[in-house]
Amino acid sequence: MSYAVIKTGGKQYRVQQGDVLRVELLTAEEGASIQFDQVLLVGTGESVTVGAPLVAGATVTATVRKHGRADKVRIVKFRRRKHFRKQQGHRQHFTEVEITGIAG
C-alpha cells in the first residue's frame, strides 16, 4: 500500500488511498476532484522517495466530500482581582476530502 505526505493549508498530512481527512478550507465544489501537488514524500512498500523539498512530478488526487465548520473553541481571558473578564468563540472552517489516488 502506497502512502504520501502532502502539505496543504500550512499543515502536513500522511495519507493513503481511501483516507478521509479534514483540511483547511479549499475553494472547490462538493463532489469536485482536486489535486495536491505539494507532495513531500512518497512511499511504496519498502521504497521511499523523499523530496528536496518536493517530489518532482508527484500528485495526490482527492474528492471533496463536504465543507463545514468545526466545534466551537472558547477563548477566555481573565485577570484575577482586576474586574477583567473577556470571552470569545471561534469555529474554524474545514473541507473534508477523500484521497482517491497517489501518483509518482
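Two strands pair if DSSP finds at least two bridges between them. Strands themselves are DSSP runs (E, at least two residues), numbered from the N terminus. By that rule, strand S8 (residues 73–79) and S9 pair in the antiparallel sense over seven bridges. This is a predicted model, so local features need pLDDT of at least 70 and side-chain atom pairs count only at pLDDT 80 or more, while totals for chains, interfaces and linings use all residues. Residues are numbered from 1 along each chain as its sequence is written, and side-chain values use heavy atoms, with hydrogens and water left out.

**The S8–S9 hairpin**

- Phe78 has Arg85 in S9 as its bridge partner.
- The hairpin of S8 and S9 has four residues between the strands.
- Arg81 sits in the loop between S8 and S9. Its phi is near 65°, a positive value in a residue other than glycine.
- Arg81 counts as exposed because its relative accessibility is 70%. The classes are buried (under 20% relative accessible area), exposed (over 50%) and partly exposed (in between), with a 1.4 Å probe and protein chains only.
- His83 lies in the loop between S8 and S9 too. His83 has a positive phi of about 60°, although it is not a glycine.
- At 83% relative accessibility, His83 counts as exposed.

**Salt bridges**

- Side chains of opposite charge can pair when their charged atoms come close.
- A salt bridge here is a side-chain nitrogen of Lys or Arg within 4 Å of a carboxyl oxygen of Asp or Glu. The count comes to four salt bridges.
- Glu24 forms a salt bridge with Lys11, and the closest N and O atoms are 2.9 Å apart. This pair links distant parts of the chain: Glu24 is in strand S3 (residues 20–24), Lys11 is in strand S2 (residues 11–16), and they are 13 residues apart.
- Glu24 is partly exposed, with a relative accessible area of 22%. Lys11 is partly exposed, at 37%.
- Glu96 forms a salt bridge with Arg22, with 3.5 Å between the closest N and O atoms. Glu96 lies in strand S10 and Arg22 in strand S3, so the pair ties together parts that are 74 residues apart in sequence.
- Glu96 is buried, with a relative accessible area of 14%. Arg22 is partly exposed, at 46% relative accessibility.
- Glu98 and Arg65 meet through their side chains in a salt bridge (3.9 Å, N to O). Glu98 is in strand S10 and Arg65 in strand S7 (residues 59–69), which puts the two 33 residues apart.
- Glu98 is partly exposed, with a relative accessible area of 30%. Arg65 is partly exposed, at 43%.
- Arg22, Arg65, Glu96 and Glu98 are linked in a network of salt bridges.

**A positive surface patch**

- Arg69, Lys72, Arg74 and Arg91 form a positive surface patch. Patches are made of residues with over 30% relative accessible area and no salt bridge; like charges are joined within 9 Å, and nonpolar side chains (Val, Leu, Ile, Met, Phe, Trp, Tyr) within 5 Å.
- Arg91 is found in the loop between strand S9 (84–90) and strand S10 (93–103). Arg91 counts as partly exposed, at 35% relative accessibility.

**Other loop features**

- Gly9 is in the loop between strand S1 (2–8) and S2. At 48% relative accessibility, Gly9 counts as partly exposed.
- Gly9 and Val23 are 14 residues apart along the chain, and their C-alpha atoms are separated by 7.0 Å.
- The peptide bond from Ala52 to Pro53 is cis, with omega near 0°. Pro53 lies in the loop between strand S6 (47–50) and S7.

Methods
Accessible areas come from the Shrake-Rupley method with a 1.4 Å probe; for residues, only the protein chains shown count as cover. Lys and Arg count as positive and Asp and Glu as negative; His and the chain ends are not counted. The place of a charge is taken as NZ of Lys, CZ of Arg, CG of Asp or CD of Glu.
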